[in-house]
Amino acid sequence: MPMSDYVASIRSRIGTDLLLLPGVTAVIRDGDRYLLARHRHSGLWSLIGGGVEPGEEPADALVREVLEETGARIRIRGIVGVYGGEPMMMTYPNGDNVGYVTTAYDCELLSDAAPDMEELLELGWFDRDVIPTLGRRDWIDRVIDDSPRRPGAHDA
């Protein structure tokens, strides 16, 4: 999905300078397996999520982002945590510098998911112990470590 009108209006004034933005992240899991997406702009695996638009509730933003990027519906079970700082800073291929503060939500997948092929190239389910071996955004390790263990999850 292209840059929102809100971010584009700010970018027209500040260029590629650092912009701090609110984000949301879906921790979609099935037992000890996590749904990750490989992103087009970086080629790295990460959790699914995106930005919160002005006037939008963060939970609504998450439902919208997951639907836009995967076509799937989710149920939010609770908040895993809120993350920011250096690990959440990045420079996009166009040179835009962004720092995100993201609220990560524990989610359940309610329908089939497929990558949109615009933002996401691939989706995959990965066991918790395999994730550190992937080419990934390192910040997801902390989110996954903080995600609640579910009854019946088979821990390695």
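**Figure 1. Polar contacts of the threonine 102 side chain.** In this predicted model, the side chain of threonine 102 reaches the backbone oxygen of glycine 23 at 3.3 Å. A polar contact of 2.8 Å also links the side chain of threonine 102 with the side chain of threonine 25. Threonine 102 has its place in strand β7, which spans residues 97-109. Its relative accessibility is 3%, so threonine 102 counts as buried, the limit for this class being under 20%. When neighbours within four places in sequence are left aside, threonine 102 is in contact with Gly23, Val24, Thr25, Gly81, Val82, Tyr83, Met88 and Trp139.

Figure 2. Threonine 103 counts as buried because its relative accessibility is 17%, and buried means under 20%. Apart from neighbours within four places in sequence, the residues in contact with threonine 103 are Gly23, Val24, Thr25, Ile79, Gly81 and Val82. The C-alpha atom of threonine 103 is separated by 9.0 Å from that of alanine 59, although the two residues are 44 residues apart along the chain.

**Figure 3. The largest pocket and its lining.** The largest pocket holds about 1100 Å³ of space. It is lined by 45 residues, of which Gly50, Gly51, Tyr92, Tyr100 and Glu119 are the closest to its centre. Two or more lining residues come from each of the elements α1 (5-14), β1 (19-30), β4 (48-51), α2 (58-70), β6 (89-91) and β7. Strand β1 provides the largest share of the lining, with 5 residues. By class, 22 of the lining residues are nonpolar, 12 are polar and 11 are charged.

**Figure 4. The largest nonpolar core.** This core consists of 23 residues, and those touching the most other members are Val27, Leu36, Leu47, Ile131, Ile140 and Val143. The elements α1, β1, β2 (33-39), β5 (74-83), β7 and α3 (139-146) each give two or more residues to the core. Helix α3 contributes the largest share, 4 residues.

Figure 5. With neighbours within four places in sequence left aside, valine 27 is in contact with Tyr34, Leu47, Val80, Ala104, Tyr105, Asp106, Cys107, Val143 and Ser147.

Terms used
Residues are numbered from 1 along each chain as its sequence is written. This is a predicted model: local features need pLDDT of at least 70, side-chain atom pairs count only at pLDDT 80 or more; totals for chains, interfaces and linings use all residues. Side-chain values use heavy atoms; hydrogens and water are left out. Buried means under 20% relative accessible area, exposed over 50%, partly exposed in between (1.4 Å probe, protein chains only). A polar contact is a pair of N or O atoms within 3.5 Å; within protein, one must be able to donate a hydrogen and the other to accept it, and residues adjacent in sequence count only if both atoms are side-chain atoms. Contact means heavy atoms within 4.5 Å. On a 1 Å grid over the protein atoms alone, a cavity is a set of points where a 1.4 Å probe fits but cannot get out, and a pocket is an open set with protein on both sides within 12 Å along at least five of seven lines; lining residues have an atom within 4 Å of a point. Grid points are joined across faces, edges and corners, and a volume is the space filled by probe spheres set on the points. Ala, Val, Leu, Ile, Met, Phe, Trp, Tyr, Cys and Pro count as nonpolar, Asp, Glu, Lys and Arg as charged, and the others, Gly among them, as polar. A nonpolar core is a set of buried Ala, Val, Leu, Ile, Met, Phe, Trp, Tyr and Cys residues joined through side-chain atoms within 4.5 Å.
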